[in-house]
Amino acid sequence: MSKILIIYFSKTGNTEKMAQAVAEGVKGEGITVEVKKVKDAKVDELLDASGIIIGSPTYFGTMAAEIKSFLDESVKHFGKLKGKVGAGFSSSALIGGGNETTVLDILKALLIHGMIIEGSTDGGHYGPVAIGAPDERCSVECKKLGQRVAQLAKKLG
Ligand SMILES: Cc1cc2nc3c(=O)[nH]c(=O)nc-3n(C[C@H](O)[C@H](O)[C@H](O)COP(=O)(O)O)c2cc1C
């Protein structure tokens, strides 16, 4: 049975709240979901997931070093993640503080792995973004992201 893996880093809890909302959306689709802090995740776990969703706070307009380091380590499985569904999300302090560039940097890494990414026609086009803790709008977007990734993973079998 397919599984969606959500991996995140969060120092002050904002990205963690987003990860939990994304997981809720996945659960509603009746698909197994695992939510892991990046420090507890192993790159080998990527192999078993049909969808991989990565969340990071925005640090200097990009992902936190902890997430970058995990992605760098994932090169061990380069070529083996092809065709899996990917997605990203981020929290920053400011509007225009770089949360979209952070999501795009996460998505770039997943695309380089050959993963499949579905954009959104409403809300955050690249993935959900929050200013600080996710508000109601962002929580809804996070749930919708979880649903979208789960639905696409099921469709792709
Ligand atoms: C080292 C560092 C760099 C940061 N860089 C940015 C930034 O470039 N733009 C921004 O808007 N916020 C920046 N922030 C603020 C965080 O993105 C923001 O507080 C976020 O909500 C933290 O998420 P967390 O609660 O999941 O740790 C930075 C914070 C730290 C600690």
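**Helix α4 and its cysteines**

Analyst: Start with S139: its relative accessibility is 16%, so S139 counts as buried (buried is under 20% relative accessible area, exposed over 50%, partly exposed in between; 1.4 Å probe, protein chains only). This is a predicted model: local features need pLDDT of at least 70, side-chain atom pairs count only at pLDDT 80 or more, and totals for chains, interfaces and linings use all residues. Residues are numbered from 1 along each chain as its sequence is written, and side-chain values use heavy atoms, with hydrogens and water left out.

User: Which helix is the place of S139 in?

Analyst: Helix α4, residues 136-156. Helices (H or I, at least four residues) and strands (E, at least two) are DSSP runs, numbered from the N terminus.

User: What does S139 touch?

Analyst: A21 and P134, not counting residues up to four places away in sequence. Contact means heavy atoms within 4.5 Å.

User: Which other residues of α4 are buried?

Analyst: Among them are C138, E141, C142, L145 and R148. What covers the buried residues of α4 includes α1 (14-27), β1 (3-8) and β5 (85-92).

User: What touches C138?

Analyst: M18, V129 and A130, leaving out residues up to four places away in sequence. C138 and G124 are 14 residues apart in sequence, with 8.8 Å from C-alpha to C-alpha.

User: What span should α4 have?

Analyst: Its 21 residues should span 30 Å at 1.5 Å a residue, and the end C-alpha atoms are 30 Å apart, which agrees. The expected span is 1.5 Å times one less than the number of residues.

User: What follows α4?

Analyst: G157, with a positive phi near 70°.

User: New topic. Is I112 buried or exposed?

Analyst: Exposed, with a relative accessible area of 60%. I112 lies in helix α3, residues 99-112.
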